[in-house]
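Dear colleague,

I am handing over the structure below for your attention.

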Amino acid sequence: MKKSLKRNTMRSLATLLAATLICLASIASRSLLPLTPVAECLQNMMCITFACILGGAQGAGATGLFILAGSLGLPVFALSKSGIDYIAGECGGYIMGYFLAAFISGLIAGSPFAFEKKFNAKNLLKILFAASLGYALVYVPGLFWLRRSILLDQESTFHALFKGKSAFEQWKNLIRIGFTPFIFSDILKLAITVPLIT
C-alpha cells in the first residue's frame, strides 16, 4: 500500500513537471514560417516525448494541463499566445492534436515510465512507432480545423486559397500551408525524441 502510494505520488509529480516543461517550451517557440499561418514550435515534441516516457494517461494529463494553462490566459502556446480565442483560431486543431498524439503515442509506448523498460530492439521499435504516429496524429485535427478556420475568416491572408476552390484544390493548398513546411522539423524532432526516451 505504501509502495503504491509512493509510486502514484511520483507519477503525479512527473505529470506536473512534464506539464510545466511543455509550458516553458513556449519560450523557444518564436518562429512563424513564411507562407503558413501556423507557428513552428517545440510543444508537439515535448507532448510526445513525455507521453512516451509517462504513458498514455499521464502523458495526456500533462498535455491537458498545458492546454488548460493556455486557455486560462497563460502565454504558453506558440509565439507566447494564450486564450480561448487562440484555441478557436487557425492553430486550435494542432493544439487538440497534441492531446490526441500524447494519449495514443503514450498508450503504444506503454506505462509505467519508459526508463523502467529494458533497452532492446523491440522496445526501440515500439518507441519509434509510437513517436512517429504521435507526430502524424497532430495533423489530423490540425488540418481539418485549419481549413475550417480559414474558410470562416474572410480577412485571413489565406482565405483566397480556399474560397470557391474545389475540395481537391482546397486540400492541396491546405497540405502546402499546414503540413509541408513542418516535415523537416518533425523528422528532426523525431530524431531527438527517440534517443531521449530510450
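A crossing of two helices is called right-handed if the near helix is turned clockwise from the far one by less than a right angle, and left-handed if the turn is anticlockwise. That definition is needed for one of the findings below. Please note that this is a predicted model.

Overall architecture

The protein chain contains 9 helices and 2 strands. Along the sequence these elements follow the pattern α-β-β-α-α-α-α-α-α-α-α. Of the 198 residues in the protein chain, 46% are buried. Among contacts between residues at least 6 apart in sequence, 72% join residues at least 24 apart.

The pair α2 and α9

Helix α2 covers residues 43–54 and helix α9 covers residues 183–197; their axes come within 10 Å and cross at roughly 30°. Angles under 35 degrees count as roughly parallel, so α2 is roughly parallel to α9. In the sense defined above, α2 passes α9 in a right-handed crossing.

Which residues of the two helices meet? On the α2 side they are Asn 44, Met 45, Thr 49, Cys 52 and Ile 53, and on the α9 side Asp 186, Lys 189, Ile 192, Thr 193, Leu 196 and Ile 197. By class, this contact of α2 with α9 is made up of 6 nonpolar, 3 polar and 2 charged residues.

Salt bridges

Side chains of opposite charge can pair when their charged atoms come close. How many salt bridges does a search of the whole structure find? The search finds 2.

One of them joins the side chains of Glu 40 and Lys 189, with an N to O distance of 2.7 Å. Glu 40 belongs to strand β2 (residues 39–40) and Lys 189 to helix α9, so this pair ties together parts that are 149 residues apart in sequence. Glu 40 and Lys 189 are both buried.

Asp 186 also forms a salt bridge with Lys 189, and here the closest N and O atoms are 3.9 Å apart. Both Asp 186 and Lys 189 lie in helix α9, where they are 3 residues apart, about one turn of the helix. Asp 186 counts as buried because its relative accessibility is 9%, and Lys 189 is buried with a relative accessible area of 6%. Through shared partners, the salt bridges join Glu 40, Asp 186 and Lys 189 into one network.

Two further residues

Ile 87 is placed in helix α4 (residues 84–88). Is Ile 87 buried or exposed? Its relative accessible area is 14%, so Ile 87 is buried. Leaving aside residues up to four places away in sequence, Ile 87 touches Ile 67, Ser 71, Phe 77, Gly 92, Ile 95, Met 96 and Trp 145.

Leu 151 is found in helix α7 (residues 139–152). With a relative accessible area of 30%, Leu 151 is partly exposed. Again leaving aside residues up to four places away in sequence, Leu 151 touches His 159, Phe 162, Lys 163 and Gln 170. The C-alpha atoms of Leu 151 and Lys 163 are 6.7 Å apart, and the two residues are 12 residues apart along the chain.

Yours sincerely

Definitions and conventions:
Residues numbered from 1 in each chain as written. Predicted model: local features only at pLDDT ≥ 70, side-chain atom pairs only at ≥ 80, totals over all residues. Heavy atoms only, no water. Axes fitted to C-alpha atoms, helices over the stretch in contact; angles between N-to-C directions. Helix = DSSP H or I, 4+ residues; strand = E, 2+ residues; numbered from the N terminus. Parallel < 35°, antiparallel > 145°, perpendicular 65-115°, else oblique. Contact = heavy atoms within 4.5 Å. Nonpolar A, V, L, I, M, F, W, Y, C, P; charged D, E, K, R; others polar. Salt bridge = Lys/Arg side-chain N within 4 Å of Asp/Glu carboxyl O. Buried < 20%, exposed > 50% of the residue type's maximum accessible area, 1.4 Å probe, protein only.
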